[in-house]
Amino acid sequence: MKASDVKKGNVVEHDGTVYQVRDIERSSPSARGGNVTFRFTLYSIPGGRKFDLSLRADDELKEMDLVRRAANFSYMDDGAFVFMDAEDYTQYLLSPELVGDNAGYIVESVEGYYVQLIDDAPVGLQVPTSVVLTVVDTAPEMKGSSATKRTKPAKLDTGIEIQVPEYITNDEKVWVNTLTGEFAGRA
């Protein structure tokens, strides 16, 4: 496909790497006969590494078909995450490298996970925007400190650590925003 036809969200291949287009900037030169250029902000799949690419309008990019399948987390298999397709029960084995930082947000019996596939091979995992996790270790609340809005570190059942308000105690369930990794309220 021509660079001028690429839209946000498209999945393209460049130099053997697959990227998703997040932003497009179009610049037209003021001189006659100048070429219109497009600056793309791309993120690699998997990995999410940012890559900036500038192309002229007639330059070609290969479009890839990225399929998103709703899936549920099933179990761990030698460090790999096993997800089951919600429709046809196909199992997808996702390596820890593929899951990356999202590993701390994977819990059983939660809806909203999507396995991203290219040519039926898993290349990425999309997690829900928020998940409920259990606090397993945090300091006790200090008495008389309710007037200030202080936070304290809390270790959650998936192994990640976040800052929570002082009133949160052990074994409490909390909402965690997966985009920012921050406390989002009691569950």
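The exercises below work through a predicted model, each with a solution in steps. Residues are numbered from 1 along each chain as its sequence is written, and side-chain values use heavy atoms, with hydrogens and water left out. In this predicted model local features need pLDDT of at least 70 and side-chain atom pairs count only at pLDDT 80 or more, while totals for chains, interfaces and linings use all residues.

**Exercise 1. Find the domains of the chain and describe how domain 2 and domain 3 meet.**

Step one is to read the domain assignment, whose bounds come from an automatic or database source: it gives domain 1 (3-63), domain 2 (66-126) and domain 3 (130-186). Next, take the centres over C-alpha atoms, which for domain 2 and domain 3 are separated by 26 Å. Finally, look for contacts, meaning heavy atoms within 4.5 Å: six residues of domain 2 are in contact with nine residues of domain 3.

**Exercise 2. Identify the residues that touch the most other members of the largest nonpolar core, and say where this core lies.**

Begin with the terms: a nonpolar core is a set of buried Ala, Val, Leu, Ile, Met, Phe, Trp, Tyr and Cys residues joined through side-chain atoms within 4.5 Å, and buried means under 20% relative accessible area, exposed over 50%, and partly exposed in between (1.4 Å probe, protein chains only). The largest core has 27 residues, of which Phe 83, Leu 94, Ile 106, Tyr 113, Val 115 and Leu 125 touch the most other members. Because domain 2 and domain 3 both give residues to this core, it lies between them. A second, separate core has 12 residues, including Val 21, Phe 38, Ala 57 and Leu 61.

**Exercise 3. Examine phi, location and exposure for Asp 78 and Asp 120.**

As background, most residues other than glycine have a negative phi. Asp 78, although not a glycine, has a positive phi of about 50°, and lies in the loop between β6 (67-77) and β7 (80-85). At 81% relative accessibility, Asp 78 counts as exposed.

For Asp 120 the steps are repeated: phi is near 65°, a positive value in a residue other than glycine, and the residue lies in the loop between β9 (113-118) and β10. Asp 120 also counts as exposed, at 71% relative accessibility.

**Exercise 4. Locate the span that the UniProt record annotates as a central domain, and describe its secondary structure.**

The unreviewed UniProt entry carries the annotation "domain: Translation elongation factor P/YeiP central", which covers residues 68-123; such annotations may be inferred rather than shown by experiment, feature names are shortened, and positions are given in the numbering used here. In the model this span is 7% helix and 52% strand, and its end C-alpha atoms lie 10 Å apart.

Key: Helix = DSSP H or I, 4+ residues; strand = E, 2+ residues; numbered from the N terminus.
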